[in-house]
Amino acid sequence: MKHSGLFRRTTPNPSTTDSQAARADDFSYLDPGSTYLDSACQSLRPQPVLDAMTEYYTAYNACGGRVKYAWGTRVDNEVQDARRAVLDLLGLSARQRAVSFTLNTTFGLNLLLQQLPQDRFASMVTSHIEHNSVFLPTMTAATRLGVPRLVLDRTPDGALVYQPAQLERAVVVVNVASNIDGRLLTNLTDLVRDTHARGGIVILDAAQAMAHSRALLAKTEADALCFSAHKMYGASLGVIVATHELIESLDLTFVGGGMVADVREDSYDLLPGDPGALLEPGLQAWGEIIALRRAIGWLGTVRPGGQTPAAHVAALSQQMFEGLAEIPGLTLLNTEPSPVISLYAPRQDSHRLAVFLSQSGVMARSGYFCAHHYLKEQLGLPPLLRFSLGLHSTPADIDKAVQALARLMKGLS
C-alpha cells in the first residue's frame, strides 16, 4: 500500500516490519514498534505542537497578562491568537462568547457548575452514558443548588431522550460524543432550542467530539462547552467556551490574581472587558495555550494519506470495527464503526488482555473508562477493552492490533 501526503513510506529498519515502519511525518518521533490506540484518553502530539512548546520555553518563557517587556507582550499576543483560533474553529463570535483556559474538561465543567447562581434553576439534567467529569459534578452541583437531578437515557445513535417539560429551568449537561462507543448527541440542536425555550441552559462535554466530530458543534447555540486540548492533538490543557451572559451570571467564588483590576482590604474589582478572564485565576499554562493554537492550525492543513482528517479516521474506524467483529469470543458494545470501540471477552479478563497486547507493542485501554455508572451499575458489564484512533494511526496499526488480539483469543481459548 502506498502512502501519500502526510503518511509517506519511510525506509524500514531491517529489524522492523512494514506495519511498524509506516508512520506519519509529524509523528516520526514514535518508536516504530509501538502502536498507540488510546487517543480517547489523550491524543499524541504532532511535531509542530512539540516545537511550539519548546520554542516558548526556550525563546520567550514569560508570564502573560502581567508584564510590559517584549517576551510578555509576545505571550499576550499568542494567547489572544489562541482564543480567536478556538472561536474560529467552532464558527463562533467573540461578541457573544469568551474562551477561558483551565486544567482539563473536568475542571472546566466544575468551574461552571459549582458557581451557578442560586434560585435560578429548577433541576439538573444529564444522561446515563456520561463520563465521570459530567456525572459527578452534576451530583454535587444539584445538591448545592437544592434542585433534583434527572438522569435520562440516550438512544443507540446518541440522542438524548427527553420530554420538553423535563427541561423547565433546567441545567442540561451532556456529552457530545461518548468515550465508550463514540455515539453522538444527534439531537443537539433540538435539545438546545427546547431547553432555551423553557428558561434553561445547556453545557456540553465536548472532550471526545473536538478531535473527530467537531462539525456537530459548528455555530452551536449551547451556553457553554468544555473540552481538553490534549484530546485534539494539543498539550495538556482544558478549554471553556461560554456565552458572556452565562459567565457574568456566575457567583464567582474561585478567584485570584489575573481576574482583578484592583483590590482593597474587604473588596475587589473584577477585570472589565474580557469575561473569559473571570474563569482564569492565577498564572496560566502559557506554553500549552500557545501549543493549542498550533494544534488547531495543524488540523486545518494535515492530510493523512492524502485524505481529510475526517475521511482518514472514518476509513480506519471501518477497518477496525470489521476486524474486531470477526474475532471469535468477543462482544462489541459498538453497533457501527467509530473512532472509539469498546468490547469484552466474557471468558477473559480485559486487564489481562491489555497487558498481553502491550507485550506485542499494542497499547489499548482496559477498565470502565470513567463511566462506572453506565457500564458497571446499569449494564452490569465486566471491565472492558477499548481501542481509540488518532491521526497518527495507520491501516497497518489496525492490522497489527486486530491480529495480535486474534492470536491472544485463540491462544486463551
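**Exercise 1.** How many bridges join strand E3 to strand E5, and in which sense do the two strands run?

*Solution.* The model is predicted: local features need pLDDT of at least 70, side-chain atom pairs count only at pLDDT 80 or more, and totals for chains, interfaces and linings use all residues. Residues are numbered from 1 along each chain as its sequence is written, and side-chain values use heavy atoms, without hydrogens and water.

Step 1. Strands (E, at least two residues) and helices (H or I, at least four) are DSSP runs, numbered from the N terminus. Two strands pair if DSSP finds at least two bridges between them.

Step 2. E3 covers residues 123-127, and E5 covers residues 170-175. Three bridges join these strands, which run parallel; Val 125 has Val 172 as its bridge partner in E5.

Step 3. E3 also pairs with strand E4 (residues 149-152) in the parallel sense, over four bridges. There, Thr 126 stands opposite Val 151.

**Exercise 2.** Determine which residues of E3 are buried on each side.

*Solution.* Step 1. Buried means under 20% relative accessible area, exposed over 50%, and partly exposed in between (1.4 Å probe, protein chains only).

Step 1. In a regular strand the side chains alternate between the two faces of the sheet.

Step 2. Ser 123, Val 125 and Ser 127 are buried on one side of E3, and Met 124 and Thr 126 on the other.
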